[in-house]
Amino acid sequence: MKFALAPESRPLEGYTIKRAIHRGAFGEVYYALTDAGKEVALKLLHNNTEVELRGVSQCMNLKHPNLVTIFDMRQDADKDHWIIMEYVGGKGLYEVLQENPAGLPLNEVFRWLHGMTAGLSFLHDRGLVHRDLKPANVFSDADLVKIGDVGLSKYISESRRSAQTQSVGTVYYMAPEVARGRYGREVDVYSLGVILYEMITGRVPFEGETTAEILMKHLTAEPDLSVLPEKLRPVLAAALEKDPDRRISDVDELERRFRKAIEDSGFELAKPTPVYVSKLSAQAAAAETASNGRFGLAAASEKDNKVGVVNSWLGYWNTRVPTPIKWVLCGAVLWMILRSGAFQPLTAGGLIGGMAYLVYRQFFMKRPPTVAPRAAVAANTFLSPETASSVAHQESAATRSTATQSPAPVIMNAPQRQMAAAPQARAATAVVYTPATMRQIPAGQRVTDVTTSLTISLAAAALVTTAVHMATDLLPNAADVAFFGTVTLLAAWALIVPAKLWEGRTGDAIVRRLILAGLGLGVGAIAAVLQQFLMLNDSQLLRVDGDGIFNHGTIGRMQMLEGGLPTMAGFMMFFGLLFLIRRWWWQADSFRKARFRISSSLVTLFLGVVLSAILPFSEQLGAIWALAISAVVQLSSGWTPQEDRLLTQAPGASQAGPVLAQVRHPVVVAVPAAAGHKA
Amino acid sequence: MIWPAVDKHDRMSTTAAERMDRRGSNGKMSTDRYMLWIDGVGAWQLCVGAEFLIGGPTQEGPPADICLMANLSRRHASLLRIGEDWFIHPHNSSVVSGRAITGPTLLRSGDAICLAERVRLGFRIPSVLAGSALIDFESHHRPKHSVDGIILMTDSILLGPRKDHHISCPDWPEMVVIYTQNGVLRCRSKSPLSINGIAVRDSAVLSDGTIVSGDDFRFRIERLRAL
């Protein structure tokens, strides 16, 4: 774009041009500074006539926040006229529409409309008509909408009738009666209607290749209102009416009808206030707003005060190191520990440290109980799944964005620990019942559950062992089959019984894991005894080719391998770790995701592979065993389908207290057969 | 593997902090400030250097490199280029992307800087080709005169039609690069350039008041003097 005047030129005494802003249909506009440093916009008028200049001078002293102020009009040495006016920074509506080809949000549409209406209403009230309202003439500076080119309208309309200098961009917004030389304030209503249509849809109602084509459409074609929201159609139809006498005659009336239409369609123009349902969700919402705002200060967290090497290192680890690299690094560290023979001292240290921490945690750390996601909602009076979920929905209205269906137990109401907003929000929104859901299961029910599961597990173990016998060549003879089947069954029992006892109760996951690991050690010991009893010393089943990654099959001073077969220590290590690492009680819980989850089995299988690779243990057997145990546990444990998972408040629990108050002590009963078997 | 503690914004390594202290004791590194007046596009403040002070208006003493008409202290925060990274060093209340900061903090492209609770600035590094950063005004606080943004220039900045150019000039046919060479500001482009009306080949030196024009564009560079 070439401009006539160079930077630093001074067409008028006291004004220095800094840069060109743009070239309009009727002149160039420059950004200039006065000698004192005030910034102004200078508009150079070409081919000016007396009539036009009178138009400008009429508007010279208008003062309105939504109109671009004209300061003065001056003539330069070449007798060209300059209009000196307020410089408006910020984006023009034209640019905003270019950036949003699909239209603007309704709140934004209304903001622009409101500013334009105020400015036009002021003009109309003073007997003036803008006549050239278009997005290129509308600006927003510091959130204040301003209409430009006021007073130049006459100038434009004169040339428009001669149809010489019009650009297509102007014709899009031109009322049909302009062609007949009629300029009432309905002209501005029509232009405002076209801009409104464009702001909502991103397109002008009448498009065309040439000026003549567009003008013809303004005169004859009906605008396509079907693309607009239904309630807005009559409003825009009345604003885009061809006959000025039947058109909405007043811009204020247009704004009023527009506002009513969008409010009638349920859209709140004012900033929607969050639905207040419970203190909990409001808190969560507030915290979320604070942490989500790009600029706001995040909810205060004690972490802010913990400035230390550990935190910054962990921050780096969590945010900057890609996950695969984390795995590789962890693997490498583990391998080095195992290689160096420091395994035993490290394990001993870890055990002592872990026990010390558990003791500390149990007796000295104030900790609210672990509570399930659903407990907060379900602890109301009787709720069907539908109402339960609708309550959850309402509660989460403000916090939906953080809603997550993570089944992990969450810690709620922990002000003393200054928990971040996310767990609270999650607590209020989760709709899924998971094994972490607290529920009261009557003792009789529990006993029935356990016995039924154990009975079914007999059949399941037989089935799985047969499948392994048929599908692989791992179990060539009867002794192998008996050994594999018995140990699998034992392992499944060792997992199902505690899992069923823990079902629906709170409990520390680490403690649970350690208990299971202990049971695993027991299963390993029995397996070793059984191996001796069945005289499987020549069996290929247990034969280990390598040494694992250990030197000569030992860990520390413990002999893991003897004569190519795992020792008792080897068995115990395998089952102990297998039981420790997986969260087995989830696989047995009646509220697990599906009766049989392939993904869960595969993870267990993978664990088996890893364990038998690290330990001196037959890799094939380790993997298959892990898979078989997972399968038997899942197949024989009772499972309640999602739709049958009903929770109701137990009689005797406080009915009057608010939901929030019960979160700490959720007393809910699983009904009708939530923990039972779905035959 | 996720560990429980989180600190989104890494604190500077000790070496970087040491380097910064050393620099502080030696006195501030030189910063040159320019205005880029671009016809039909806008106005940008160009800061060349590696350390820029952000502050409010002052009655006495030299103004900050980035002096905003805002209720900030005279020395509110500094922006520093260390190695390949940008850091913000707060001297007063500063928040980066929702987190109050007390010490030098790494800035990442897209970070939001909030000073004195009300002044909101966007920080971005638009181009992978240059380390120069851009400060956008997100609240209504600006320098004394209307400026569309502030460019923190390290090695080079790009002016051109693409969105990832530092200054997006939609109607320009070709990109123009402004760069420093031996401490001198220069510019070059694939399309023919004129400097103060005289056609140049290859590249040209930019000095106070230089007008650069091409087929369909024109801009002027002006050195800002401390008032």
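In chain B, strands β5 (residues 77-82) and β6 (residues 85-90) run antiparallel and are joined by six bridges. Helices (H or I, at least four residues) and strands (E, at least two) are DSSP runs, numbered from the N terminus, and two strands pair if DSSP finds at least two bridges between them. Within this pair, Leu80(B) sits opposite Phe87(B) of β6(B).

A word on what you are looking at: this is a predicted model, in which local features need pLDDT of at least 70 and side-chain atom pairs count only at pLDDT 80 or more, while totals for chains, interfaces and linings use all residues. Residues are numbered from 1 along each chain as its sequence is written, with chains lettered from A and ligands numbered from 1 in the order in which they are written.

## The five-stranded sheet

β5 and β6 belong to an open sheet of five strands in chain B, with the order β4-β3-β5-β6-β9 and mixed pairing. At its edges stand β4 (66-67) and β9 (105-107) of chain B; each has a single partner strand, so one side of each is left without a neighbour in the sheet.

Strand β11 (residues 119-124) of chain B has Val119(B), Leu121(B) and Phe123(B) on its covered face, with Arg120(B), Gly122(B) and Arg124(B) on the uncovered one.

Chain A has 25 helices and 15 strands. Among contacts in chain A with a separation of 6 or more, 70% come from residues 24 or more positions apart; a contact requires C-beta atoms, placed from the backbone, within 7 Å.

A nonpolar core is a set of buried Ala, Val, Leu, Ile, Met, Phe, Trp, Tyr and Cys residues joined through C-beta atoms within 7 Å. The largest has 69 residues, of which Leu42(A), Leu192(A), Leu196(A) and Ala239(A) touch the most other members. Helix α6 (residues 186-201) of chain A gives the most to this core, with ten residues. Beyond its neighbours within four places in sequence, Leu196(A) is in contact with Leu113(A), Leu236(A), Ala239(A) and Phe258(A). Apart from that core lies another, of 58 residues, including Leu53(B), Ile88(B), Ile135(B) and Ile157(B).

## A kinked helix

Helix α18 (residues 443-471) of chain A has 29 residues and reaches 41 Å from its first C-alpha to its last, close to the 42 Å expected at 1.5 Å a residue (1.5 Å times one less than the number of residues). A kink of about 25° is centred on Ser457(A), where the bend is the angle between axes fitted to the seven residues ending there and the seven starting there. Ser457(A) is also one of the buried residues of α18(A). What covers those buried residues includes α19 (478-502) and α24 (619-636) of chain A.

Key: Buried ≥ 20, exposed ≤ 12 C-beta atoms within 10 Å, placed from the backbone. Contact = placed C-beta atoms within 7 Å.
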